[in-house]
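The following note concerns how the two chains meet and how one of them is built.

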Number of protein chains: 2
Amino acid sequence: MAYIVQKFGGTSVATLDLIKKAALRVKAEVHAGHQVVVVVSAMAGTTNSLVRFVRDLSATYDRAEYDAVVSSGEQVTAGLLALALQNIGIPARSWLGWQLPIYTTPHHTQAKIDHIDTIALKDDLNKGRVAVVAGFQGLSTNGRITTLGRGGSDTTAVALAAALKAERCDIFTDVDGVYTADPHYVTAAGKLEHIVYQEMLELAAQGAKVLQKDSIELAMKHKVRLQVLSSLSETPGTLITNDSEAQTNYKHIRGLAHSLNEERLTLTNLPQNSSKLDKVKELLDTHHIAIDMLQQNLSPCGNHLNLSFTVSEIEVERTQGILQNAKRKLQFNDLLRDPHVVKISVIGSGLQTEHSPSHKLFQTLREEGIMVKSVSSSDIKLSVLIPSIDAERAIASLHTVYQLDVEERQ
Amino acid sequence: MAYIVQKFGGTSVATLDLIKKAALRVKAEVHAGHQVVVVVSAMAGTTNSLVRFVRDLSATYDRAEYDAVVSSGEQVTAGLLALALQNIGIPARSWLGWQLPIYTTPHHTQAKIDHIDTIALKDDLNKGRVAVVAGFQGLSTNGRITTLGRGGSDTTAVALAAALKAERCDIFTDVDGVYTADPHYVTAAGKLEHIVYQEMLELAAQGAKVLQKDSIELAMKHKVRLQVLSSLSETPGTLITNDSEAQTNYKHIRGLAHSLNEERLTLTNLPQNSSKLDKVKELLDTHHIAIDMLQQNLSPCGNHLNLSFTVSEIEVERTQGILQNAKRKLQFNDLLRDPHVVKISVIGSGLQTEHSPSHKLFQTLREEGIMVKSVSSSDIKLSVLIPSIDAERAIASLHTVYQLDVEERQ
């Protein structure tokens with residue numbers, strides 16, 4: 001019998017009625033002859049309430065206690081889904097992170113899964129029971145509860161699928177698959193039947209929220225066949241696999257991602273001296289601050305440079321503090337902050353074979369009169385930073401130009 | 001350094017503000033030079049919500065999953081109180097039942113503590129940290145979470161105090177001690193400075209709600225000095241110990257308890273044959289139904305008996321079903337149900353030395369024109385069953401007659 005892992009996100013288990021609906025999805029796989037492991041998130045809203053409790057008590061909270069408090073949400077859902085399954089005649093039991101156990105690194109709130117002990121789990125599955133595993137949580141080697149970071153239940157599911165060599169890992173969420181662009185912005189956005197790991201990884205890294213980035217990396221590493229689908233509809237979702245399953249009519253450009261969660265910082269009038277630029281990057285690196293969309297321009301006044309980059313909005317103030325403290329050493333003049341930017345990315349392995357991949361992009365934005373503030377690219381990704389006010393118009397135009405609109409794709 | 005155990009009930013940790021207040025009570029004991037173990041209940045209301053989830057999903061729920069779900073409430077409070085302590089400069093960490101572990105019997109929802117492993121706990125206390133232990137929960141030998149029944153956090157606290165040979169176990173609750181009667185009924189009820197285990201046990205068994213009965217039994221067995229007090233007031237509470245600490249001016253009658261949670265059942269026209277009566281008791285015993293206030297009367301029609309007893313209101317319907325099923329075997333005529341009864345108990349070791357302990361009781365009720373439906377007694381307890389409509393009047397009169405009114409006691 002083959003193992004199947006099914007993961008239900010917070011919006012798919014937000015109420016008792018939804019938990020009962022999830023139980024029916026599990027029942028279908030059991031009746032299809034599979035051994036099923038289910039991974040659950042906390043009921044939507046629960047984790048936020050628990051996080052608020054912790055933050056209201058203490059600004060500089062102990063991360064081990066944060067984990068003890070916040071992990072309780074998944075514990076509740078695991079028990080409730082096991083009960084819902086038993087109630088429709090499917091033997092089931094809940095498993096908490098420490099019960100398997102799922103061993104992680106000791107980095108509370110941001111732990112990584114080290115390895116999963118599947119002996120007891122397999123024993124229980126062989127008795128004909130469904131295993132309902134609390135997602136997002138693990139156990140450190142010193143016996144404390146750890147958590148994997150927001151969205152970590154996706155990673156729990158993929159790690160279990162890898163450890164069990166599962167046939168498939170289904171991620172049930174509130175959208176019915178991966179789209180060519182955010183349907184809230186582009187009405188012509190269409191669902192992808194299939195996408196390869198590397199492209200999905202870029203979509204997630206550049207702002208698509210459907211899957212946690214870590215979980216895709218893990219799936220790619222262990223060749224776990226992922227499917228993203230809705231728990232409330234019967235339509236097939238999006239399959240995420242490696243190249244070998246890609247169809248011959250596979251489209252070159254797969255989709256657009258956008259991120260409104262970054263802000264742009266500019267250091268003005270730096271000496272034209274590459275060691276200063278290196279020092280900026282080095283300094284931020286020391287503080288684990290990731291930057292993107294790095295751009296340097298000659299300042300209008302002549303032989304000085306302006307250095308721009310984006311950082312995640314939640315890191316902006318910390319970054320500003322660190323840079324201001326090093327002002328004398330770095331020798332910049334001003335530190336400017338621009339929160340009104342959006343990063344738009346075109347993603348697809350086809351970019352590698354296109355003659356001049358950026359030509360179409362720049363032409364379109366120029367025709368729309370949209371200013372490009374900076375550019376970055378990789379093998380399968382082209383990103384531009386533009387004013388956030390133009391986001392919707394830019395995404396819609398590019399979606400048409402890259403022939404992603406639904407009528408084009410059929 | 002001496003160990004002190006402090007237990008905070010649900011109403012004492014119902015909000016973040018109350019959790020901060022509890023932290024200050026812990027800090028005071030730390031500054032007094034004690035090694036402090038704190039036991040917490042779930043925030044008031046949390047356990048009820050979780051129980052409702054389980055019951056709404058399934059009438060005949062799996063008790064192991066009930067425990068997994070419901071135990072999460074104490075986990076949250078333990079983490080939050082540890083954070084509140086750290087925030088006022090007191091090093092602290094949370095401990096869940098499975099982390100110590102607190103080993104219990106495998107009887108989910110009604111487990112008993114078997115033994116507590118205190119090695120890791122003591123190690124941590126010796127590092128100068130306060131231990132905040134999630135109450136109500138334990139670990140079965142097959143690795144599942146168990147719970148100790150409602151009010152079980154009191155038992156967790158006493159068991160830890162016993163295992164650590166603590167100097168004292170303070171139970172913080174929403175009343176400031178044990179009273180001579182329920183102050184809601186008797187305005188002249190006064191707080192007891194001191195009471196012995198056996199009397200406290202009778203008070204709890206006969207309806208006083210301030211402490212879980214199991215926890216008092218455990219305290220008596222291990223000679224744990226208990227104190228019941230309010231987390232919101234600085235006045236001393238009630239100390240519960242064995243006889244040796246009793247003062248010479250110790251009052252003979254200590255208090256009144258009442259229970260409105262029992263109903264009276266009567267089997268009419270049973271054959272006058274003691275083996276039939278034994279069969280009734282035997283039958284209910286087999287089904288673990290506890291009865292009280294057993295009374296048998298000759299029926300008006302002559303040589304038949306009416307047999308009456310009380311059972312807990314939550315067991316009434318089950319009891320009725322069991323008896324009706326055995327109607328032919330037991331040969332009774334009717335099964336009457338009277339929910340409008342109250343049991344009032346006079347409690348105190350002085351009853352042993354009184355000349356005619358029941359005389360005063362019956363005289364008072366007769367003077368008040370209150371009908372006594374049945375009577376039962378032990379060494380230190382006298383109980384009567386009366387119509388519930390007379391409850392308030394009976395309690396107030398008896399409180400005066402037994403010289404328990406506050407002005408009498410001073």
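1. Two residues are taken to be in contact if their C-beta atoms, placed from the backbone, lie within 7 Å. The model is a predicted one. On that criterion, 27 residues of chain A are in contact with 27 residues of chain B.

2. On the side of chain A that touches chain B, helix H2 (46-57), helix H3 (63-70) and helix H4 (72-87) of chain A each supply at least two residues. H4(A) provides the largest share, 11 residues. By residue class, this side of chain A consists of 15 nonpolar, 9 polar and 3 charged residues.

3. Chain B contains an open sheet of 8 strands with mixed pairing, in the order E3-E6-E2-E1-E9-E11-E12-E10. Strand E3 (92-95) and strand E10 (194-196) of chain B each have a single partner strand, so one side of each is left without a neighbour in the sheet. From one strand to the next, the twist averages 20°.

4. Within this sheet, strand E1 (residues 3-8) and strand E2 (residues 35-40) of chain B run parallel and are joined by 6 bridges. B:Val5 stands opposite B:Val37 in E2(B).

5. Helices also pack on the sheet of chain B. Helix H1 (residues 16-31) of chain B touches E1, E2, strand E6 (130-134) and strand E9 (168-173) of chain B, and the direction of H1 makes about 170° with that of E1(B). Helix H5 (residues 119-126) of chain B touches E2, E3 and E6 of chain B; the direction of H5 makes about 145° with that of E6(B).

Conventions. Residues numbered from 1 in each chain as written. Chains lettered and ligands numbered in written order. Predicted model: local features only at pLDDT ≥ 70, side-chain atom pairs only at ≥ 80, totals over all residues. Helix = DSSP H or I, 4+ residues; strand = E, 2+ residues; numbered from the N terminus. Nonpolar A, V, L, I, M, F, W, Y, C, P; charged D, E, K, R; others polar. Pairing = 2+ DSSP bridges. Axes fitted to C-alpha atoms, helices over the stretch in contact; angles between N-to-C directions.
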